[in-house]
Amino acid sequence: MNSITEVKTTLAGERKTFACELLQTSTTGAVVLYRMPADHQLEDILLRKGTLSLGYFWRDKPFNAYHWIDSRLDTVALYFNVSDNTTISAQSIAWRDLVVDILMTPDGRCRVLDEDELPVDIDPGLQHYINHTRDRLCREPLSRLAEYDKLTRQLMNHEQIHAT
């Protein structure tokens, strides 16, 4: 597998980078693999060290998705970032994080996170973009979970990746 760097830029301009493995690329998007380097608590979800994170990125969608799976390839959670300005090259995937995140769990719960962190002076057009994307993502969480479970299982079987 090829290495690729994920570059996240926050709305405030802060940059964070993550070393990933490129699993799949196409004209419209890419999928990367990241192994959690340490335990990470997000809301009531514990992502244990070694949890696999499959990052799904698209040039033309207003979000990206992380499908977190355990060693049995079962979904731990599905996490969406409302985003824009996604670019994909052979070396990197860069995107702008628009603060609002959506957390879905296998029991069908869908939680909107971090809306309180949006700037009070946010551009009204950008606020509409964020709200529209949030509402779209929150529809039918069980269908979304099933969709990503199927995509991830196909990809993991095809790539013969072991979740250890």
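Predicted model: local features only at pLDDT ≥ 70, side-chain atom pairs only at ≥ 80, totals over all residues.
Five residues, Tyr56, Trp58, Phe63, Phe80 and Tyr148, come together in one aromatic cluster. Residues are numbered from 1 along each chain as its sequence is written, and side-chain values use heavy atoms, with hydrogens and water left out.

A pair of aromatic rings is described by the distance of the centres and the angle of the planes. Here, rings of Phe, Tyr and Trp (its six-membered ring) pair if their centres lie within 6.5 Å; planes under 30 degrees apart count as stacked, over 60 as edge-to-face and the rest as tilted. Searching the whole structure with this rule gives nine aromatic pairs. One of them joins phenylalanine 18 to tyrosine 34 in an edge-to-face arrangement, with 5.9 Å centre to centre and 85° between the planes. This pair links distant parts of the chain, since phenylalanine 18 belongs to strand β2 (residues 15-25) and tyrosine 34 to strand β3 (residues 29-35), 16 residues apart. Helices (H or I, at least four residues) and strands (E, at least two) are DSSP runs, numbered from the N terminus.

How open are these rings to the surroundings? Buried means under 20% relative accessible area, exposed over 50%, and partly exposed in between (1.4 Å probe, protein chains only). Phenylalanine 18 is partly exposed at 26%, and tyrosine 34 is partly exposed at 22%. Another edge-to-face pair is made by phenylalanine 80 and tyrosine 148, whose ring centres are 5.6 Å apart and whose planes meet at 80°. This pair, too, links distant parts of the chain: phenylalanine 80 sits in strand β8 (residues 75-88) and tyrosine 148 in helix α2, 68 residues apart. Phenylalanine 80 is buried, with a relative accessible area of 0%, and tyrosine 148 is buried at 2%.

Charged side chains also meet the rings. A charge sits over a ring if NZ of Lys or CZ of Arg is within 6 Å of the ring centre and within 35 degrees of the ring normal. The charged end of lysine 61 sits over the ring of tryptophan 58, 4.4 Å from its centre, and that of arginine 144 sits over the ring of phenylalanine 80, 5.9 Å from its centre.

Next comes helix α1. Its 15 residues (124-138) reach 21 Å from the first C-alpha to the last, close to the expected 21 Å, which is 1.5 Å times one less than the number of residues. The buried residues of α1 are Leu126, Ile130, Thr133, Arg134 and Leu137. They cover an arc of only 100° around the axis, so they lie on the same side of α1; the arc is that of the directions from the helix axis to the C-beta atoms. On the other side of α1, Pro124 and His128 are exposed. Just after α1, glutamate 140 takes a positive phi of about 50°.

Finally, threonine 10 is found in strand β1 (residues 2-10). Threonine 10 counts as buried, because its relative accessibility is 16%. Leaving aside neighbours within four places in sequence, threonine 10 is in contact (heavy atoms within 4.5 Å) with Arg96 and Asp97.
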